[in-house]
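Here are my notes for anyone opening this one for the first time. Have a look at the fold before reading on.

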Amino acid sequence: MVEWVRIGSGGRAVPEPVATPFVWSGAFGGAVVLMAVFTLLGGVGRPTPALVALSLLAALLGVWARFVAAPGTAVLCWLFLNGFGIPPAGTLSWAGERDAFWLGCLFTAALTGTAVARVVNARAAYRRITPQQGPAYRPPADGDLF
């Protein structure tokens, strides 16, 4: 007799995050591309849209990253924002509150992306391994017909 069983019906582990150097490579490449697009569209001198785009990139990379990758991701994105998002292009500078705010935004975005991914993956893993609850079985009592 052949017994059909579902392949992979056992519990699956939570997915492993991507190694930190790969995340930083993605931050480097993504920031280069985003800043090149903003430069071509005439966005030099208007850092707010670039900050929003780089924050979204940091959050997206955070989905696949470990928590320890967040500071490096934020710094890489900030370097490109500071170096190519404000005039003079190609010159790094530090303007106290502005740059601290930018770093904070990028760091928060990376941490938020990572935290959301961890919660979603943990909930999915919990639902995969938790047995489904059906109606409780009650043995028939004396006098029950069915």
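The points below go from the overall fold to the helix contacts, one leucine and the salt bridges.

1. Ground rules. This is a predicted model, where local features need pLDDT of at least 70 and side-chain atom pairs count only at pLDDT 80 or more, while totals for chains, interfaces and linings use all residues. Residues are numbered from 1 along each chain as its sequence is written, and side-chain values use heavy atoms, leaving out hydrogens and water.

2. Overall fold. You'll find four helices and zero strands in the protein chain, giving the pattern α-α-α-α along the sequence. Helices (H or I, at least four residues) and strands (E, at least two) are DSSP runs, numbered from the N terminus. The chain has 146 residues, and 30% of them count as buried; buried means under 20% relative accessible area, exposed over 50%, and partly exposed in between (1.4 Å probe, protein chains only). Take the contacts between residues at least 6 apart in sequence: 74% of them join residues at least 24 apart. Contact here means heavy atoms within 4.5 Å.

3. H1 against H2. The axes of these two helices come within 10 Å and cross at roughly 155 degrees, which makes H1 roughly antiparallel to H2. Axes are lines fitted to C-alpha atoms, for helices over the stretch in contact, and angles run from 0 to 180 degrees between N-to-C directions. Angles under 35 degrees count as roughly parallel, over 145 as roughly antiparallel, 65 to 115 as roughly perpendicular and the rest as oblique. On the H1 side, the contact includes Gly26, Gly30, Leu34 and Phe38, and the H2 residues include Pro49, Leu57 and Trp64. The residues of this contact split into 13 nonpolar, two polar and no charged. For the classes, Ala, Val, Leu, Ile, Met, Phe, Trp, Tyr, Cys and Pro count as nonpolar, Asp, Glu, Lys and Arg as charged, and the others, Gly among them, as polar.

4. H1 against H3. How do the axes of H1 (residues 20-40) and H3 (residues 70-84) cross? They come within 9 Å of each other, at roughly 20 degrees, so H1 and H3 are roughly parallel. Among the residues that meet are Trp24, Phe28 and Thr39 from H1, with Thr73, Cys77 and Phe84 from H3. This contact has 12 nonpolar residues, three polar and no charged.

5. A leucine to click on. Leu51 sits in helix H2 and is buried, at 10% relative accessible area. Leaving aside residues up to four places away in sequence, Leu51 touches Leu81, Phe101, Trp102, Cys105 and Leu106. Its C-alpha atom is 9.7 Å from that of Leu103, 52 residues away along the chain.

6. Salt bridges. How many does a search of the whole structure find? It finds two, where a salt bridge is a side-chain nitrogen of Lys or Arg within 4 Å of a carboxyl oxygen of Asp or Glu. One joins Arg66 and Glu16 at 3.7 Å, N to O. Arg66 is in the loop between H2 (47-64) and H3 and Glu16 is in the segment before H1, so this pair ties together parts 50 residues apart in sequence. Arg66 is partly exposed at 35%, whereas Glu16 is exposed at 64%.

7. The other pair. Arg98 and Asp99 meet in a salt bridge at 3.5 Å, N to O. Arg98 is partly exposed at 31%, while Asp99 is buried at 0% relative accessibility.
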